[in-house]
Amino acid sequence: MLASGENLQQLIFLATVALASGGVVMFLLLAFFQRRKVDERVSSLIDTNARADAARPAPTKAAEISREGRRRQVQQTLKQIEARQKDRQKRLTVRLLIAQSGLTLSVARFWMISVGLGAIFAAISYLFGLPWYLSLLCGFVGTFGVPRWFLAYMRRRRQETFLTELPDAIDVIVRGLKSGLPLSDALKVIAAESAPPIGPEFWEVVEGQRVGITIDQGLERMYERMPLQEVSFMAIVLSIQSKTGGNLTETLGNLAKVLRDRRRMKNRIRAVSQEAKSSATIIGSLPLFIAGALTFLNPDYLQPLFTSSLGNLMLAFCGFWMLLGILVMRKMINFEI
């Protein structure tokens with residue numbers, strides 16, 4: 001009885017080993033035959049392309065030289081524009097921030113407003129009973145933080161409006177070129193008929209032409225006031241077209257389509273990440289909300305956190321980790337394309 005049981009176990013073991021070996025062999029054979037089919041198809045495609053290339057008339061040497069020279073010129077233009085853009089991004093001054101936000105303020109007046117706002121912040125915090133060093137910190141935030149945050153907000157809102165209207169402005173240029181207008185007249189139409197910020201930005205380009213500034217240089221100056229990749233694309237397209245030639249209407253039409261696709265993709269990403277942003281907002285504000293509710297219901301419950309050194313250390317530690325978590329969540333849900 002025991003012998004028969006052992007024999008059955010041996011048979012089951014041998015059958016399992018045979019099935020496993022057969023599976024491995026079948027897998028290797030299938031992989032080999034599939035790889036062979038892929039190689040045969042690739043070789044047939046290569047032969048087809050080779051026959052098509054042989055049937056195509058060979059380009060002349062002059063055409064090859066012209067094509068190579070145009071390619072080098074395009075590469076050189078792209079390198080020059082990229083180098084200038086990187087140099088401008090490093091030199092972001094207060095004057096440039098004010099110009100990009102669309103405000104009509106001088107740098108001196110901006111600093112006067114900032115110092116006055118910082119003094120108001122410091123005075124209010126001191127009147128509410130905060131220590132002098134915290135009042136100085138509030139004054140520092142009011143002087144160097146809040147005004148720059150306001151400029152960044154105005155700058156971002158102006159750029160969003162510009163991006164929304166830029167494809168329509170490029171379509172106006174395309175229609176003007178198709179109707180026989182020169183590029184400068186098409187730009188004048190946009191400058192005169194478009195609402196801010198599109199109209200004033202193109203008006204600067206038109207006004208620059210009257211004093212001898214080319215369209216390429218005017219668009220580069222527009223990029224200084226509106227540092228967006230879309231403006232860079234338009235400047236690169238017009239710069240390359242002016243030097244190498246080609247169908248400008250078709251190129252600008254494709255550029256408008258690309259800009260609309262980028263805008264659509266950004267809106268889709270914003271919609272998909274909105275749930276994560278809401279969750280991050282709730283998680284970040286929940287501790288502050290609970291602390292405020294506990295202080296309102298039982299003022300003495302959280303008092304040791306503010307009166308003892310250990311409580312202050314715990315507050316600083318928790319604030320640091322809360323800030324770190326918020327920054328990590330912000331990095332995870334913000335996408336750039």
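Student: Is Cys138 buried, partly exposed or exposed?

Tutor: Cys138 counts as partly exposed, because its relative accessibility is 26%. Here buried means under 20% relative accessible area, exposed means over 50%, and partly exposed is in between (1.4 Å probe, protein chains only). Keep in mind that this is a predicted model: local features need pLDDT of at least 70, side-chain atom pairs count only at pLDDT 80 or more, and totals for chains, interfaces and linings use all residues. Residues are numbered from 1 along each chain as its sequence is written, and side-chain values use heavy atoms, with hydrogens and water left out.

Student: And what about Cys318, buried or partly exposed?

Tutor: Cys318 counts as partly exposed because its relative accessibility is 45%.

Student: How many disulfides are there in the whole structure?

Tutor: The search finds 0 disulfides, a disulfide being a pair of cysteine sulfur atoms within 2.5 Å.

Student: OK, new topic. How many helices and strands does the protein chain have?

Tutor: The protein chain has 13 helices and 0 strands. Both are DSSP runs numbered from the N terminus, with helices being H or I of at least four residues and strands E of at least two.

Student: What share of the protein chain is buried?

Tutor: Buried residues are 25% of the 337 residues in the protein chain.

Student: Which residues touch the most other members of the largest nonpolar core?

Tutor: Those are Ile170, Ile173, Phe202, Met234 and Leu252, in a core of 33 residues. A nonpolar core is a set of buried Ala, Val, Leu, Ile, Met, Phe, Trp, Tyr and Cys residues joined through side-chain atoms within 4.5 Å.

Student: Which helices supply at least two residues of this core?

Tutor: Helix 5 (132-178), helix 6 (183-193), helix 7 (198-210), helix 8 (215-225), helix 9 (229-244) and helix 10 (248-272) each do. Helix 5 gives the most to this core, with 8 residues.

Student: What does Ile173 touch?

Tutor: Leaving out residues up to four places away in sequence, Ile173 touches Leu183, Ala186, Leu187, Ile190, Phe202 and Leu252. Contact means heavy atoms within 4.5 Å. There is also a second, separate core of 5 residues, with Val94, Leu97, Ile98 and Leu151 among them.

Student: Let's look at helix 3 and helix 4. At what angle do they pack?

Tutor: Helix 3 (residues 94-101) and helix 4 (residues 107-127) pack at about 95°, and their axes are 10 Å apart. The axes are lines fitted to C-alpha atoms, for helices over the stretch in contact, and angles run from 0 to 180 degrees between N-to-C directions. That makes helix 3 roughly perpendicular to helix 4, a label used for angles of 65 to 115 degrees, with under 35 roughly parallel, over 145 roughly antiparallel and the rest oblique.

Student: Which residues make the contact?

Tutor: Helix 3 brings Val94, Arg95 and Ile98, while helix 4 brings Val107, Phe110 and Trp111.

Student: Where is Ile120, and is it buried or partly exposed?

Tutor: Ile120 is in helix 4 and counts as partly exposed because its relative accessibility is 46%. Ile120 and Gly139 are 19 residues apart in sequence and 7.4 Å apart in space, C-alpha to C-alpha.

Student: Last one: which residues does the cis peptide bond join?

Tutor: The cis bond joins Pro196 and Pro197, with omega about 5°. Pro197 is in the loop between helix 6 and helix 7. Most peptide bonds are trans.
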